[in-house]
Amino acid sequence: MHELSIVEGIIAAVKREQKRHHFRKLIRVDIGCNVFSCIAEESLQFYFDSATKGTSFEGSRVRVRRLPQEYECGRCARVFVPKTKAICCPQCKTGTECRLRLKSDLNIEALEVE
Ligand SMILES: [Zn+2]
């Protein structure tokens, strides 16, 4: 039930935005995630639809935008997106101490509202 907990997180985040910006209806929400934590857009939409039935979020669209994988250098703390398959810090040129930075969760990137 991984998707369901993600959807609950999305709904809670959209509700916070709604409180702040006072919109009536949600049309679209864009979620950003990096590749490893990514889940299928269709199943996210399915859970979102059933969780928002009868609310002001009903019928809105969930889009997933895949973010580039960021690495952090363990030596100089530089954050970078590798351009080739070989992971190498562009600043100090070390390859062995670079780690993938995982975003803690899915982030809301954009909202379309009415
Ligand atoms: Zn470095």
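**View A. His-22, whose phi is positive and near 55°, follows helix α1.** The model is predicted; local features are given where pLDDT is at least 70, side-chain atom pairs count only at pLDDT 80 or more, and totals for chains, interfaces and linings use all residues. Residues are numbered from 1 along each chain as its sequence is written. Helices (H or I, at least four residues) and strands (E, at least two) are DSSP runs, numbered from the N terminus. Helix α1 covers residues 2–21. With its 20 residues, α1 spans 29 Å from first C-alpha to last, close to the 28 Å expected at 1.5 Å a residue; the expected span is 1.5 Å times one less than the number of residues.

**View B. Helix α1 has a buried face and an exposed side.** A residue is called buried if 20 or more other C-beta atoms lie within 10 Å of its own, exposed if 12 or fewer, and partly exposed in between, with C-beta atoms placed from the backbone. In α1 the buried residues are Ile-6, Val-7, Ile-10 and Val-14. Viewed down the axis of α1, these residues fall within an arc of 100°, so they line one face of the helix; the arc is that of the directions from the helix axis to the C-beta atoms. An α-helix has 3.6 residues a turn, so residues three or four places apart point the same way. Ser-5, Ala-12, Arg-16, Lys-19 and Arg-20 are exposed on the other side of α1.

**View C. Helix α2, residues 41–51, buries Leu-44, Tyr-47 and Phe-48.** Seen down the axis of α2, the buried residues lie within an arc of 100°, so they line one face of this helix. Glu-42 and Ser-50 are exposed on the other side of α2. The cover over the buried residues of α2 includes α1 and β2, the latter at residues 61–67. Two residues are in contact if their C-beta atoms, placed from the backbone, lie within 7 Å. Leaving aside residues up to four places away in sequence, Tyr-47 touches Glu-3, Leu-4 and Val-7.

**View D. The largest nonpolar core has 12 residues.** A nonpolar core is a set of buried Ala, Val, Leu, Ile, Met, Phe, Trp, Tyr and Cys residues joined through C-beta atoms within 7 Å. Members of the largest core include Leu-26, Val-29, Ile-31, Phe-57 and Val-62. The elements α1, β1 and α2 each give two or more residues to this core, and α1 gives the most, with 4 residues. In soluble globular proteins, nonpolar side chains tend to be buried together.

**View E. Asp-30 lies in strand β1, which covers residues 26–34.** Asp-30 has 15 other C-beta atoms within 10 Å and is partly exposed. Residues up to four places away in sequence not counted, Asp-30 touches Arg-63, Arg-65, Glu-109 and Ala-110. The C-alpha atoms of Asp-30 and Arg-66 are separated by 10 Å, although the two residues are 36 residues apart along the chain.

**View F. Three strands form an open antiparallel sheet in the order β4-β3-β5.** Strands β4 (79–80) and β5 (98–101) stand at the edges with a single partner strand each, so one side of each is left without a neighbour in the sheet. Two strands pair if DSSP finds at least two bridges between them. Strands of a sheet pair through backbone hydrogen bonds, either parallel or antiparallel. Strand β3, residues 70–73, is joined to β5 by 4 bridges. Tyr-71 stands opposite Leu-100 in β5, and Glu-70 has Arg-101 in β5 as its bridge partner.

**View G. A hairpin links β3 and β4, with 5 residues between the strands.** These strands pair in the antiparallel sense over 2 bridges, and Glu-72 stands opposite Val-79 in β4. Within the hairpin, Ala-77 takes a positive phi near 70°.

**View H. The protein chain contains 2 helices and 6 strands.** Along the sequence, the pattern is α-β-α-β-β-β-β-β. The radius of gyration of the chain is 18 Å, whereas a compact globule of 114 residues would have one near 13 Å; this radius is taken over C-alpha atoms, and the globule rule is 2.2 Å times the number of residues to the power 0.38. Of the 114 residues, 14% count as buried.
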